[in-house]
Each structure stands twice: as C-alpha cells, then as structure tokens.
Amino acid sequence: MNFVAAESPAFRTSLSGVPIKPLYSPADLADFRAQDEIGRPGQFPYTRGIHESMYCGRLWTIRQFAGFGRPRDTNRRFRFLLDQGQTGLSTAFDLPTLMGLDSDDPRSVGEVGRLGVAVDTIDDILALFDGVDLQKVSVSMTINAPAIVVMAFYLAAARQRGCDWRQLRGTIQNDILKEFHAQNEFVFPPEPSVRLVVDLIAFCTRYVPQWNPVSISGYHIREAGSTAQQELAFTLADGQHYVQKCLERGLSIDAFAPRLSFFFNAHNDLFEEVAKYRAARALWAEMIRDDYGAKSEASWKLRFHAQTAGCSLQAAQPEVNVVRVAYQAMAAVLGGCQSLHTNSMDETFALPSEQAVALALRTQQVLAHETGVTNTVDPLGGSYFVESFTHKMKQDADACFRAIADQGGMIAAVENGYFRRQIADAAFEYQTAVDRKEKLVVGVNAFQQPDRDPIAVMEIDPATEPDQIDALRAVKRNRSGADVTRSLDALRHAAEHRDNVMSSLLQAADDRATVQECVDALADVYGRFRPSAAW
C-alpha cells in the first residue's frame, strides 16, 4: 500500500492504498479488450454478472445474520425477521460451538449463547428451526472447524422431520483455510481440516444437490485487516485448493463446482469493492474453465454472498454506521451479489437489538425498491474508472497467486505464516494512515462530537448458560451411552481409514452424541493444530 494525504492535489488512494487519478479516459483502457474482459451479463467471463437479467429478473436474497442465547431465543429472532420480509436465514453460533466445545465444558464458561446461538446436540438444531419449513426457506450456517459435525446434525434433524434432502437449500461456511489465515477458529491441523471440507463437498454433491457445502470466505480475511486485493486473491486461492483436493478425491469438476459459493466483504470504498467483485467473477471463470477444464457454464459462475464490513463500524457516533452500511450495501449490489447481509449500527457494543436489526433490514429494502439500482444490469459497466480498476484488480490477484506458489503452495504458506504476515502488514499500514489522518474516519479522527448519551443495546438473558447446560445434561441422561460409544468408535474408524466421515456423523447425531464428543473423536485421530513460531 502507498497512502497519500487526502488533500494531495496529484492523486489520492483507494481504501487499500491503490493510487487513484483525478480523471479516467479511454487512454486508461488502451490495452483493454472490452469484449473479452467484459462481455455481456450472463456470459463468460461474467464480469458484468452471472445472470443475463440480474436484479431485473430477481432480487438478491436478503439474509440477515442472527443467533444468540438458547436455540429457542434465536428461533424467535428468525421468525421476526421472516415476518419483516427477510427471504433467507443466516445462523450465528456461539464461540464454544465454533470451537467444537459443549456448553458444559469448563472452557465455555461465560461464553454460552453470548456471540451466537449455543448448539450441543441434534435437539438444539430441532429447536433452532422449529416451525421453519426447511424445504422452502434457504438456511445459511456460519461455522468452520466443526462444520461437518453441525451439518450432520442439521441433515439428521431434517430427516427426522421428514424432509427430502434433495429439496434442502442453503449454505454452510465450512471454509477452514481462512480460519488459518485470519480468524483462528481451528481445531485440527490444515491437511485433515481440508480433508473434512472435501468430505462434506463430496457428500452433498451426491445426496444434497441444492446445498452449497462450502462458502469460500474473504470476509474474515478483510476483517483482519487485509487489502481488497489480498481478500480477492487469498479467497480465490483457497477455492483453487479445495478444487484440487476434490479432483484428487476423484470428483468430477462439473459435479461439484456449481455448488461452490463465495463470501466477500463489502467495505467503504464503493468503486474498489465493485471492481473486486467483477474481477473475482472473471478470474474464477477463467480458472475453472481454462485451468480445470470444466464444461458446464454453471461451474464457471462465481456466486457470492456479501456482508457489510463489521470492522468499519465505529463506537463513536454509532448512528453514522447506518450510513456506512447503506453505501456498503450499494457497493455489493452494484457489484452483483447473490445475497446480502447488512450490519446493524449497534454491533460495536453488543449483538444487534431487534430495532437495530429491523433498520438494517429496511436498508436493503430501500436499496432494492427505492434507489433505482435494480432497473438495469451492471449500471457501472463501461466506466473508464471501473473497468480500469477491475483490470488492475485482476493483475494484482495474479501477482498474489504467484507469491503463494513461491511459498510452496497453500498448505506450506499456511504453515509458514505467509498469509498472516501479509494481512498484519496491511492492517498496520492502514492504521498508520488513519493515525496520520491520511485516511479520515468520521467521528474517529475527523468530525468528532462530544460524548453523547449511549444507545440502548441488547442484553443476553443471564439464565441462558445454566438453562443450556441443564438441557444438555438432560439429553446425556436420557440417551443410550452404549449407542454413543459405538457411533463415536465408528467415527474414529472412518477417520483412521480416510473414509468419508459423514455417515458416521449422521449416526452419531441420531444417537445424541454432542458436538464436542464428535470433535474430540476426530481429534483422537487427526490431532490438534499448534501454531509454529512463524505465526
């Protein structure tokens, strides 16, 4: 990055430090092949969008992220959001669940239901989606290290409710590589962690064909401080690694690639974000078609969910966060997202209140129905600035791909800390620019106001943790210990013999094994990841 003071008359920089000229013209596209690099919407390389009519034909899915307390608490929030016009569910899990711990584990004390919903057994999944028609409502679940366990619980619960797996629609994040890059919610070492990702991709390809078994995520990479260019490149590199491992497993590229999905950040620099999304589609299409030989157009299309940038939200003047989120959401839509979450203004203080999350939902509805951005496809297409920026994004991403290869490939780059160093350096450089007021942040280093009355925030019921622990203990008392032991032994056996572990996990779910019991059984075989000094 190369930040320049905001008042510089020569040029400014994007949020990620890319120099921006005062004016763009045809000369900036001198080496630009418009028909090859842009094309038409719905046609290769999909720079202008993956569907011919885009939002003229169908809006993006409005999918607000939600989860807190006990499953019944989040179920009430789900129902509220659906009643307010949300069109898909998105599930946040608490920290113990994300780390593969049960609510009664000593390490879970004080965290049960705090940052998401607590899930210990299949009974929690049944309560979480009580009254929700899983064959009609698309469901997203944001979880990674124990993703395959939670997905098995979800499928077992759906089967108990008589659902046809072939009718289920939704996404589970299941992207462990970005955990090693940025978010740190990992359990097993990188290689077996990726093997579990592929297990779930293979299983869903065969049995749950409308489900997205992985959401390859740049969001958390950006939240950790990366540039937009790093977010783009690291995310696509992660996707490429999953593709390679699926092919090594013997899967056909056109069997699984159409259900790979992506998850990107929507940050403050509107044009940088639009260029990032457009470049991502083109790079992925070229990679899947030309490098991996996919024949189906469905395999070439990069479909992505966007979430507005949590790291951009400020505690100072929190109402201004509504403005930030609106612009970020517009960037995601102008960039062609397939689904969108808009953050709530109070998320710097606590989980969103019902009032704040309703306002965030209304932000999307105003964008969809009042701004005119859905009236034409890719309204920024052909802009000298946007096309030039998109072209540069692709070039920068290619340079990142080469750098990863120079590290010895994905797993080597994870283990030697390459990704974490790159992200940390970018975060430091951006914060330095803010500290020097080379980048202005309203209410933080510019346009400040005296302290104001605090806004009301949501509080978690103090009975949540003891109630959840009591419910878990009741399940353990009433289940068959012999059945649980048998199913966990079968899970260890499958892992030891490199078999797909999904069948064993489904049986463990039916037998009321817990999330932690399943994770611990896998850890008995795979071990647990201990970062090296390079991190």
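**Helices and a sheet in a predicted model**

Helix α19 (residues 481–496) packs against helix α21 (residues 515–526) at an angle of about 35°, and their axes lie 9 Å apart. This is a predicted model. Two packed helices are described by just these quantities, the angle between their axes and the distance between the axes. The crossing of α19 and α21 is right-handed.

Which residues make the contact? On the α19 side they are V484, L488, L491, R492, A495 and E496. From α21 come E517, C518, A521, L522, D524, V525 and Y526. Nine of the contact residues are nonpolar and four are charged. None is polar. The spacing along a helix has a simple background: an α-helix has 3.6 residues a turn, so residues three or four places apart point the same way.

Now turn to helix α5, residues 147–160. Its 14 residues reach 20 Å from the first C-alpha to the last, close to the 20 Å expected at 1.5 Å a residue. Is α5 enclosed or open? Twelve of its 14 residues are buried, so α5 is largely enclosed by the rest of the structure. Among the buried residues are I148, V149, F153 and Y154. Just after the helix, G162 takes a positive phi of about 80°.

Next comes a sheet. Strands of a sheet pair through backbone hydrogen bonds, either parallel or antiparallel. Here five strands form an open sheet, in the order β3-β12-β11-β10-β9, with parallel pairing. The edge strands are β3 (61–62) and β9 (214–217), and each pairs on one side only. Strand β9 pairs with β10 (residues 260–266) over four bridges, in the parallel sense. I216 has F262 of β10 as its bridge partner.

Definitions and conventions:
Residues numbered from 1 in each chain as written. Predicted model: local features only at pLDDT ≥ 70, side-chain atom pairs only at ≥ 80, totals over all residues. Heavy atoms only, no water. Helix = DSSP H or I, 4+ residues; strand = E, 2+ residues; numbered from the N terminus. Expected span 1.5 Å × (residues − 1). Buried < 20%, exposed > 50% of the residue type's maximum accessible area, 1.4 Å probe, protein only. Axes fitted to C-alpha atoms, helices over the stretch in contact; angles between N-to-C directions. Left-handed = near helix turned anticlockwise from the far one by under 90°. Contact = heavy atoms within 4.5 Å. Nonpolar A, V, L, I, M, F, W, Y, C, P; charged D, E, K, R; others polar. Pairing = 2+ DSSP bridges.
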